[in-house]
Amino acid sequence: MATEHSRAAARIMISPAVILLLLWMIVPLGMTLYFSFLRFNLLMPGMEEWTGFENYRYFLSDPAFSTALINTLLLVGGVLLITVIGGTLLALLLDQDFFGQGVVRILTIAPFFVMPTVSALVFKNMFMNPVNGLFAHIAGVFGMEPIDWLSQIPLLSITLMVSWTWLPFATLILLTALQSLDREQIEASEMDGAGPFSRFFYIIVPHLSRAGTVVILIETIFLLSVFAEILVTTNGGPGNASTNLTYLVYAESLLRFDVGTGAAGGVVAIILANIVAIFLMRMIGKNLDA
Amino acid sequence: MARKVKKSRKLFVTALAWIIALTLFFPVLWTVLTSFKTEAEAVASPPSFLFFDWTLENYAAVQERSDYGRHFMNSVVISVGSTMLGLIIAVPAAWAMAFVPGKRTKDVLMWMLSTKMLPPVGVLIPIYLIFRDIGLLDTRIGLVIVLMLINLPIIVWMLYTYFKEIPGEILEAARMDGASLRNEIIYVLTPMAVPGIASTLLLNIILAWNEAFWTLNLTAAKAAPLTAFIASYSSPEGLFYAKLSAASTMAIAPIMVMGWFSQKQLVRGLTFGAVK
């Protein structure tokens with residue numbers, strides 16, 4: 001039983017973490033909120049004035065916003081779809097008995113450790129480049145016109161790039177979950193005459209749902225703020241074709257120096273992320289016994 | 001019950017698994033191979049695979065172009081520093097929550113995780129301005145602080161998960177046997193906590209090493225770690241495939257090796273023990 005004394009000690013032990021995170025939340029958040037109501041340009045210091053909701057009106061009515069919002073959702077959704085489905089299939093494959101499991105596992109997980117700026121540059125120059133890229137060579141071998149990936153289909157290219165990073169992660173988590181599946185249950189269902197599909201949907205999928213929830217939660221946190229891949233490859237372009245919310249706010253505030261509009265965009269990004277978060281936290285709250 | 005797997009089926013699965021694994025790994029392999037080619041060979045058509053004159057000149061050139069060693073040290077200082085600082089703050093917190101849980105412990109944990117939901121871009125401007133005004137822009141210490149804060153919720157959660165698995169009965173047993181608090185901590189608790197702390201350390205170094213949003217936006221020349229250094233290769237005058245590959249290889253090699261060693265902990269750590 002915890003005594004009064006140990007409770008007081010526990011509170012003291014927790015406080016530094018709680019205070020720091022509170023500060024981390026409140027100070028910048030408060031400032032962002034405050035800036036979002038100011039006309040505030042870094043190139044014109046001392047000219048700040050209160051403008052009410054002007055920045056929000058400007059940011060939300062900018063056609064770049066709706067494009068960025070749709071791009072953000074397409075990017076997150078696309079990568080989740082590819083990695084969760086691909087990861088499940090790959091985990092099922094790697095769970096089988098075959099030669100060289102250890103090495104295959106190591107090769108498969110490797111992309112997850114490649115820093116985003118490296119993967120972006122490698123894909124941009126050595127694979128997706130329409131002249132020297134490997135994809136162009138392959139297209140040439142088959143007598144096809146090479147695609148200029150990053151200017152013709154920029155968002156899809158970035159989605160594929162980011163998926164390459166996260167597919168190993170999803171695979172690893174789902175594979176680990178799969179390996180804890182009770183083999184006898186599978187065998188029993190086989191004897192009862194369950195085919196591979198009903199086995200998959202009635203035993204394996206429910207078993208994986210917990211791991212899947214965690215994969216979706218973690219990936220969403222990171223995918224909502226994909227940045228380096230866009231900065232390094234397309235700079236959000238051509239036009240706004242590959243601009244997501246993170247990149248748009250960055251461009252407003254640090255490229256156009258319009259802190260007010262950038263801050264309004266930041267607040268919008270926070271609101272949207274929290275709408276997503278509420279659903280996810282419910283899911284994980286149910287799935288985790290804290 | 002050992003299931004008999006038909007040999008042909010096993011061969012088929014082996015082939016398929018290897019093909020997919022090699023495809024996924026290929027960009028890494030290709031980058032490493034290209035780093036040993038001359039620039040002419042790196043863009044040769046058709047591309048040469050293994051049969052070319054291997055050279056180390058790109059590695060020397062990367063160091064010459066810009067001080068690779070300094071960027072490497074920045075990465076080390078920032079990732080290790082932010083992780084250590086995070087651990088110092090998180091270990092007591094996670095410890096208290098795991099062993100002296102109160103009514104609101106679960107809420108506190110959920111709230112901490114929810115701060116991860118704050119998109120970095122939503123707080124970029126204030127942090128940028130604060131750092132500019134107090135002179136932390138483009139400094140290692142500034143990045144150590146930011147990366148510590150953004151990873152703190154994950155560190156607390158991971159440690160909490162590990163500590164939670166230390167059975168409380170062992171502590172009570174030790175106490176019954178007359179162990180003093182000091183001995184209890186040194187001989188009973190620490191040996192059981194160290195593996196969890198080590199995994200947390202490893203994983204957070206990996207996360208901090210690869211973090212790019214803050215490093216790209218808060219550093220310029222002095223404190224830029226490898227993530228920002230590599231990004232500087234995106235400018236047109238830096239477009240040399242072989243040198244880019246050499247720099248990339250040097251940037252990812254240490255962390256990839258570390259990652260391979262910590263696969264198992266990665267799963268437990270990043271899923272907060274929900275997947276075993």
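**Annotated region and conventions**

Over residues 69-280 of chain A, the chain is 76% helix and 0% strand, with the end C-alpha atoms 19 Å apart (helices, H or I of at least four residues, and strands, E of at least two, are DSSP runs numbered from the N terminus). The UniProt record, an unreviewed entry, annotates residues 69-280 of chain A as "domain: ABC transmembrane type-1"; such annotations may be inferred rather than shown by experiment.

This is a predicted model, in which local features need pLDDT of at least 70 and side-chain atom pairs count only at pLDDT 80 or more, while totals for chains, interfaces and linings use all residues. Residues are numbered from 1 along each chain as its sequence is written, chains are lettered from A and ligands numbered from 1 in the order in which they are written, and side-chain values use heavy atoms, with hydrogens and water left out.

**Exercise 1.** Determine which residues lie nearest the centre of the largest cavity.

*Solution.* On a 1 Å grid over the protein atoms alone, a cavity is a set of points where a 1.4 Å probe fits but cannot get out, and lining residues have an atom within 4 Å of a point. Step 1: the structure holds 7 cavities of 30 Å³ or more. Step 2: the largest has about 800 Å³ of space, a volume being the space filled by probe spheres set on the points. Step 3: among its 42 lining residues, Trp166(A), Phe222(A), Ser225(A), Glu211(B) and Ala212(B) lie nearest the centre. Step 4: by class, the lining has 33 nonpolar, 6 polar and 3 charged residues.

**Exercise 2.** Identify the helix that gives the most to the lining of the largest pocket.

*Solution.* A pocket is an open set with protein on both sides within 12 Å along at least five of seven lines. Step 1: the volume of the largest pocket is about 920 Å³. Step 2: it is lined by 27 residues, of which Trp95(B), Phe99(B), Val100(B), Leu171(B) and Arg175(B) are closest to its centre. Step 3: helix 9 of chain B gives the most, with 8 residues.

Key:
Nonpolar A, V, L, I, M, F, W, Y, C, P; charged D, E, K, R; others polar.
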